[in-house]
Protein chains: 2
Amino acid sequence: MKTLTPLNYALLGLLNRTPLTGYEMMQVFETTPLGGYSSSPGAIYPALKKLRQSGLVAVSGDGTSGRGDALAITPDGKAALKAWLLAPLLVKAGGIDLSGQMLKFTFTGDLLTRRQQMAFLNRLEKAITRAIDALAASRERMRDTLTSHDLLAVEAGLLQYRAAADWCALARQTLSKGK
Amino acid sequence: MKTLTPLNYALLGLLNRTPLTGYEMMQVFETTPLGGYSSSPGAIYPALKKLRQSGLVAVSGDGTSGRGDALAITPDGKAALKAWLLAPLLVKAGGIDLSGQMLKFTFTGDLLTRRQQMAFLNRLEKAITRAIDALAASRERMRDTLTSHDLLAVEAGLLQYRAAADWCALARQTLSKGK
DNA sequence: CCCCCCATGTAACATGTTACATGATTGA
DNA sequence: TCAATCATGTAACATGTTACATGGGGGG
């Protein structure tokens with residue numbers, strides 16, 4: 001079982017809610033703001049094939065048809081999805097992939113305990129705080145080599161991160177209220 | 001001359017400030033938050049080769065060495081960069097690429113008039129406002145099919161956009177003051 | 001002299017996009 | 001029956017990543 005791509009996990013997360021055909025998943029990507037994944041069949045069908053071959057997903061019907069038949073997540077698939085959700089947040093150069101983290105958060109609601117969801121938010125908020133500090137520090141370090149436009153762009157990054165940090169607090173509050 | 005990738009434009013934008021060697025550009029991508037582009041030589045050197053062949057970039061020295069020699073943008077390169085900056089903002093499914101727009105904005109400071117920079121910000125802010133409306137509308141349309149986690153993720157998107165819209169106002173203000 | 005950094009490049013691989021092909025089903 | 005939509009897939013292409021190869025030059 002090779003490493004899965006973000007698209008693979010997005011598909012797994014969808015199937016973890018309810019069985020769907022490949023076509024229906026394409027529709028979801030087309031008509032909802034989900035993650036920002038594309039609806040190209042050239043990406044989705046090969047990905048589904050790989051997931052089937054890895055045993056993370058299986059035809060949900062009696063298997064006689066195979067066409068027009070919805071796919072369902074398997075226990076292995078659920079385990080893989082869960083492992084992904086619990087994996088440590090990796091921050092690459094260029095900052096945190098916020099929309100990717102939002103996609104992950106969406107799926108935590110279906111698979112993790114409330115406590116684990118809270119932990120996810122806490123980890124995310126800490127990472128964001130660190131990113132803010134790093135960005136502000138690098139701004140000060142290079143202040144004299146940066147143009148005013150550069151500084152504004154950095155400011156935009158800071159505002160994005162701060163909005164994300166605020167959201168973390170909001171999400172935590174919403175979760176604890178809805179308990 | 002084929003269509004240029006975002007990385008190509010990022011390189012052009014850097015060279016529009018000052019001549020640099022490929023290696024130095026790699027360093028910039030490694031050590032600054034610029035755009036979030038990678039520093040892989042396997043991406044940068046082929047891209048520079050293409051830019052050289054298209055005549056958008058040229059060796060800045062006397063041309064005898066070729067190695068360790070900085071590259072400089074040509075008039076054609078400047079024109080291509082300017083055209084890119086002035087091109088209408090295209091919004092694909094999945095929303096606006098905010099960090100891409102920030103990269104663009106950075107380069108407008110070196111190449112466009114103050115009036116054009118303001119127009120850029122205005123267009124961006126309008127696009128963001130439209131994106132906010134679309135996202136809020138889609139949230140209402142699908143409210144009953146969405147989980148509470150889905151709703152929170154949408155909320156995160158809205159907060160991101162609102163932060164970006166705020167930034168547009170801030171940037172406009174900063175530009176007009178620094179006039 | 002040897003190692004590390006400068007500087008450029010290439011090869012293999014992964015991933016996704018566009019565009020097309022195929023056939024079944026459904027409604028006018 | 002004809003068109004549209006459902007449903008799946010493939011082929012060609014673009015793009016970028018990882019990892020490696022190459023060679024010059026400076027400092028210990």
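At 0% relative accessibility, Cys168(A) counts as buried, where buried means under 20% relative accessible area, exposed over 50%, and partly exposed in between (1.4 Å probe, protein chains only). Cys168(B) is likewise buried, with a relative accessible area of 0%.

## Basis of the values

This is a predicted model, in which local features need pLDDT of at least 70 and side-chain atom pairs count only at pLDDT 80 or more, while totals for chains, interfaces and linings use all residues. Residues are numbered from 1 along each chain as its sequence is written, chains are lettered from A and ligands numbered from 1 in the order in which they are written, and side-chain values use heavy atoms, with hydrogens and water left out.

## Architecture of chain A

Chain A contains seven helices and two strands; helices (H or I, at least four residues) and strands (E, at least two) are DSSP runs, numbered from the N terminus. Along the sequence, these elements follow the pattern α-α-α-β-β-α-α-α-α. Taken along the principal axes, the C-alpha atoms of chain A fill a box of roughly 70 × 40 × 30 Å.

Of the 179 residues in chain A, 45% are buried. The accessible surface of the chain comes to about 9,200 Å², and carbon and sulfur atoms hold 55% of that area; accessible areas come from the Shrake-Rupley method with a 1.4 Å probe, and for residues only the protein chains shown count as cover. Among contacts in chain A with a separation of 6 or more, 59% join residues 24 or more positions apart, contact meaning heavy atoms within 4.5 Å.

## Surface near DNA strand C

DNA strand C is surrounded by 17 residues, and the closest are Thr5(A), Ser38(A), Ser40(A), Gly22(B) and Tyr23(B); a residue is near a molecule or strand if one of its heavy atoms lies within 4 Å of it. Of the atoms of DNA strand C that come within 4 Å of the protein, 65% belong to sugar and phosphate. By class, the residues of this surface divide into six nonpolar, eight polar and three charged. Here Ala, Val, Leu, Ile, Met, Phe, Trp, Tyr, Cys and Pro count as nonpolar, Asp, Glu, Lys and Arg as charged, and the others, Gly among them, as polar.

Phosphate oxygens of DNA strand C lie 2.6 Å from a polar side-chain atom of Ser40(A), 3.0 Å from a polar backbone atom of Gly22(B), and 3.3 Å from an N or O atom in the side chain of Tyr45(B). The elements that give two or more residues to the surface near DNA strand C are α3 (41–53) of chain A, together with α2 (22–31) and α3 (41–53) of chain B. With four residues, α3(B) gives the most to this surface.

## Surface near DNA strand D

Around DNA strand D there are 18 residues, the closest being Gly22(A), Tyr23(A), Thr5(B), Ser38(B) and Ser40(B). Sugar and phosphate make up 63% of the atoms of DNA strand D that come within 4 Å of the protein. This surface has six nonpolar, eight polar and four charged residues.

A phosphate oxygen of DNA strand D is 2.4 Å from an N or O atom in the side chain of Tyr23(A). Further phosphate oxygen distances are 3.0 Å to a backbone N or O atom of Gly22(A) and 2.7 Å to a polar side-chain atom of Ser40(B). Two or more residues each come from α2 (22–31) and α3 of chain A and from α3 of chain B. The largest share, four residues, is that of α3(A).

## Two buried positions

Thr74(A) is found in the loop between β2 (71–73) and α4 (75–86) of chain A. Thr74(A) counts as buried because its relative accessible area is 15%. Its side chain reaches the backbone oxygen of Gly55(A) at 2.6 Å. Residues up to four places away in sequence aside, Thr74(A) touches Gly55(A), Leu56(A), Val57(A) and Ala58(A).

In chain B, Phe120(B) belongs to helix α6 (residues 114–141) and is buried, at 4% relative accessibility. Neighbours within four places in sequence aside, Phe120(B) is in contact with Leu85(B), Gln101(B), Lys104(B), Phe105(B) and Thr108(B). Phe120(B) and Thr5(B) are 115 residues apart in sequence, and their C-alpha atoms are 20 Å apart in space.

Terms used: Polar contact = N/O pair within 3.5 Å; in protein donor to acceptor, adjacent residues only side chain to side chain.
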